Amino acid sequence: MKNKIKNVGIVAMMVAVFTACGAKANEGGQKDSEIKLGSTFPLTGQYSNYGISTVNGIKMAIDEINENGGIKGKKIVLDSMDDKGELTDSVTSYNKLVESGVSAVIGTNTSAPSNAIAEASQKDGIPVITPTGTEESITASKDNVFRTCFTNPYQGNLLAIFAKDKLKAKTAAIMTNSSSDYSTGIADAFEKKAKELGIEIVAKESYGENDTDFKAQLTSISKKQPDVLLLPEYYEKLALITPQARDAGIKASFIGGDGWDGIIKTMDKSSMGVIENSYFTNHFSIEDTSPKVSDFVKKYKEKYKEDPTAFSALGFDTVYMIKEAFEKAKSDSNEDRIKAIKELDFDGITGKFKFDENNNPQKAASIMKIEKGEYRFDSIINPR
């Protein structure tokens, strides 16, 4: 009898403990006093420069928000994962984050893994925001998926306008990575808009993802001596292409998309001159003198001992978008939070914008110029 009473007491204590735990955390493991966000980015591998920079911006925003009371008095907790920039790892990371009970997923950097996450999220209906995934299909027909950056075609369009209006280009050549939707998306839109503006496309060349020797393509382009050469690519590949382009005798101005951001860190210092006076679209400039941007740049440099990139700013803005939407949402349901994101009139570090019907932000782009080994703000380009 004593043993039975003792066992009943133990069971009662265990029930009390589990009940107490249940009061502190929901089924997914998120405490009632917290809002858990998930992020998945390439923190190692060839795109780690992007991933680390983006997550730095995310963490800085979270720290700042938590210091000022969190979201509706709840502290933000981040579950950060490394997807190595790989498609399969990105989906695996996403699934783990959903299983852990996050309220929204931020990620990832490049377009193909971002698209895979967007597709996977359709079964869950959880808010997903990619700060930097630029392929159009990522958000198309997906109510719960958003982006903070502009799209590939949007960049291509703006680059053609810039080439015509600012560089006074009459001819252009295009060199694309045939394995990259990022590269071809920018190139196709650029070509269409350039022709519309009266720029003659004198050469078009392509290469594969694993190519490292571009002599044949660049020699062909060199014979045409275009005014501008569009290189819509990421920084690691650009560090290989641009020196070979100059060696082939190409004198054209290089232009490209936001994948250029990070090339200065990647280029060998002895080769830095080959990208002098190159231009690329970007989402913000550290030379912006507005109080909001200046304050962000100052705090970022104090925290991380380096200048922020556009990826840092986009990550930072993404967290503040979530904060603003979650505070405006009628309830904590995914549906109400998604509706609140759609209705945002957001004013962030990377500009002021509203979302269009495909959850893409409509905003102007900064054109950056590489000058004396540094990124310099050149101009603002608006679509037309």
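Reader: Is the crossing of helix 3 and helix 4 left-handed or right-handed?

Author: The model here is predicted. In it, the axes of helix 3 (residues 87-99) and helix 4 (residues 111-120) come within 8 Å and cross at roughly 40°. The hand of this crossing is right-handed.

Reader: Which residues in helix 4 do L87, S90, V91 and Y94 in helix 3 meet?

Author: By class, the contact of these two helices has eight nonpolar, one polar and no charged residues. On the helix 3 side are L87, S90, V91 and Y94, and the residues they meet in helix 4 are A112, P113, A116, I117 and A120.

Reader: Why is helix 2 said to be largely enclosed by the rest of the structure?

Author: Helix 2 covers residues 48-67, and its end C-alpha atoms are 28 Å apart, which agrees with the 28 Å its 20 residues should span at 1.5 Å a residue. Buried means under 20% relative accessible area. Helix 2 is called largely enclosed because the number of its 20 residues that are buried is 14.

Reader: Which residue caps the N-terminal end of helix 6?

Author: Helix 6 takes in residues 181-196. A side-chain oxygen lies 3.3 Å from the backbone nitrogen of Y182, and the residue that supplies this oxygen is S180.

How values were computed
Residues are numbered from 1 along each chain as its sequence is written. This is a predicted model: local features need pLDDT of at least 70, side-chain atom pairs count only at pLDDT 80 or more; totals for chains, interfaces and linings use all residues. Side-chain values use heavy atoms; hydrogens and water are left out. Helices (H or I, at least four residues) and strands (E, at least two) are DSSP runs, numbered from the N terminus. The expected span of a helix is 1.5 Å times one less than its number of residues. A polar contact is a pair of N or O atoms within 3.5 Å; within protein, one must be able to donate a hydrogen and the other to accept it, and residues adjacent in sequence count only if both atoms are side-chain atoms. Axes are lines fitted to C-alpha atoms, for helices over the stretch in contact, and angles run from 0 to 180 degrees between N-to-C directions. A crossing is left-handed if the near helix is turned anticlockwise from the far one by less than a right angle, and right-handed if clockwise. Contact means heavy atoms within 4.5 Å. Ala, Val, Leu, Ile, Met, Phe, Trp, Tyr, Cys and Pro count as nonpolar, Asp, Glu, Lys and Arg as charged, and the others, Gly among them, as polar. Buried means under 20% relative accessible area, exposed over 50%, partly exposed in between (1.4 Å probe, protein chains only).
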